[in-house]
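Subject: Structure handover

Hello,

The structure for your review is placed directly below. My notes on what was found in it follow.

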Amino acid sequence: MKRLAPAFVLLPLLLTGLLLAALTHTTPLTYRWLYADMLSALTLILLAAHGLVAWANDEADLWPTVLAAWLFSAAAVLGHVGLLSVLLFLGSSLLAFRTGTRLPLVAALSTGGGLLGLVVASGEWLLGAPGAGAGLNSLSFVLLLTGTLTASAAHGAVRGHMPTGTPLVAVLCLTTLLRLFSLGPWNLGWLFAALVVGGATVLMAAWQAAAAPPEQVGAWLGLYLMGLAIAGAGLGSAAGVTLAGYALLTWPVVRLGLARPGGPAWTRWLFTGAVPLSAPFVAAWLAVAAAVAGDLSLVAVAFWGAALLVAVATRRLAGASAANLAPHGGQSTAAILSLVLGLGSPLVVLGLLEPLAAQLQGGLTPFGELALWPWAGLIALNAARQPVATLPSLALAALMVLLTAFAWVLLRLNRLRNTRNG
């Protein structure tokens with residue numbers, strides 16, 4: 001019972017998030033300080049998922065993570081800026097003490113400062129108030145973006161390990177940044193800043209994942225997915241918000257599988273993205289499709305190159321010696337979840353991410369959206385609603401092995417070069 005207690009506390013949080021998604025599918029719930037919508041539901045699901053992953057990976061001293069997850073969940077359903085900032089600070093303090101790093105606390109202070117800047121500029125403490133959008137300003141945006149980036153780095157990639165619970169701060173900081181779309185449109189400078197920061201994070205993390213030792217790859221892939229989410233926000237479109245949400249949903253799956261990257265090689269192929277229609281593969285496709293739909297070809301090429309580097313990291317993981325890396329049961333579970341999330345991506349988009357983008361639509365641009373078409377799968381549409389990229393259905397999945405083939409060719413060429421030099 002002592003072993004199961006944290007899971008019993010986190011499961012109601014996951015169920016609450018799913019129930020909230022059903023209740024707010026069309027209209028947010030508002031009552032005094034309560035403001036719950038699809039973004040709140042997604043936040044609760046992600047917080048519970050990361051907490052359950054920490055429990056499944058047998059991480060020590062879980063109760064600060066569990067308490068922080070509930071504090072952040074309360075913050076996610078409150079529209080009062082003051083209470084949100086206090087809860088974010090309290091939860092981040094717990095996690096900072098637990099992990100021995102100050103980055104979660106720095107991220108919380110930065111995000112809280114950005115929220116208070118909105119209050120000073122608008123005079124409104126409630127995010128759902130009609131005049132709250134008047135408080136949008138560059139200083140608040142920079143602080144919120146800085147807090148999100150700091151929280152992303154805090155999960156341990158820079159140190160080559162993944163401390164318990166710090167992804168929780170990154171989740172709440174990013175969803176708070178996305179909340180700005182509900183207040184009004186972002187100017188081009190803000191979109192450009194988020195896109196550059198997210199894109200640079202994606203490329204850097206993918207490159208490090210391709211070169212890092214196997215035990216450090218999981219942390220870099222987490223930062224890669226967080227970079228995709230920030231870049232999705234920078235695209236400022238429905239397709240970009242969908243990318244952000246899907247990348248965040250993929251992160252717990254990768255954490256579950258790569259806590260200790262041993263075990264059968266086939267599991268690592270599935271939860272790291274080299275297999276077509278696995279969850280990280282779909283996240284990479286969403287990134288490329290969203291960039292193409294927004295007429296940002298150079299960004300699409302950068303995302304494609306990062307996905308190729310991640311495929312190289314996957315191939316290196318698959319070739320790692322299982323004798324030196326302790327396997328654990330979460331790898332098979334992560335592989336199955338990755339396949340379910342990837343194959344079920346149209347349902348995830350239709351049931352969760354599309355309503356989320358619709359509720360933020362007041363601040364989004366028309367340059368890129370996703371549609372679900374029978375047989376064809378997910379279709380990315382440009383501003384003229386013309387199809388520009390397609391994620392095929394199962395009938396065409398065999399055509400999607402190109403990324404894996406390129407990764408294999410690169411590794412073979414590298415092996416031949418090393419043999420000749422030797």
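In these notes, a residue is called buried under 20% relative accessible area, exposed over 50%, and partly exposed in between, with a 1.4 Å probe and protein chains only. Because Leu19 has 53% relative accessibility, the label for Leu19 is exposed.

Two remarks on conventions. This is a predicted model, in which local features need pLDDT of at least 70 and side-chain atom pairs count only at pLDDT 80 or more, while totals for chains, interfaces and linings use all residues. Residues are numbered from 1 along each chain as its sequence is written, and side-chain values use heavy atoms, with hydrogens and water left out.

Confidence
The mean pLDDT (the predictor's confidence in each residue, from 0 to 100) of the protein is 84, and 85% of its residues reach 70 or more. For residues 156-165 the pLDDT is below 50; this stretch has 30 contacts (heavy atoms within 4.5 Å) in the model beyond near neighbours in sequence. Residues 321-326 also have pLDDT under 50, and there the model has 9 contacts beyond four places in sequence.

Leu19 lies in helix 1. Together with Leu23, Leu29, Tyr31 and Leu34, Leu19 forms a nonpolar surface patch of about 480 Å² accessible area. Helix 1 (5-23) and strand 1 (29-31) are the elements that give two or more residues to the patch. Helices (H or I, at least four residues) and strands (E, at least two) are DSSP runs, numbered from the N terminus. Patches take residues with over 30% relative accessible area and no salt bridge, and join nonpolar side chains (Val, Leu, Ile, Met, Phe, Trp, Tyr) within 5 Å and like charges within 9 Å. A salt bridge is a side-chain nitrogen of Lys or Arg within 4 Å of a carboxyl oxygen of Asp or Glu. Areas come from the Shrake-Rupley method with a 1.4 Å probe, and for residues only the protein chains shown count as cover.

Aromatic pairs
The whole structure has 3 aromatic pairs. Rings of Phe, Tyr and Trp (its six-membered ring) pair if their centres lie within 6.5 Å; planes under 30 degrees apart are stacked, over 60 edge-to-face, and the rest tilted. Phe141 and Trp186 are edge-to-face, at 5.0 Å centre to centre and 70° between the planes. Phe141 is in helix 6 (residues 138-153) and Trp186 in the loop between helix 7 (166-179) and helix 8 (188-211), 45 residues apart. Phe141 is buried at 2% relative accessible area, and Trp186 is buried at 7%. Phe141 and Trp190 are stacked, at 5.2 Å and 10°. Ring pairs link Phe141, Phe181, Trp186 and Trp190 into a cluster.

Regards
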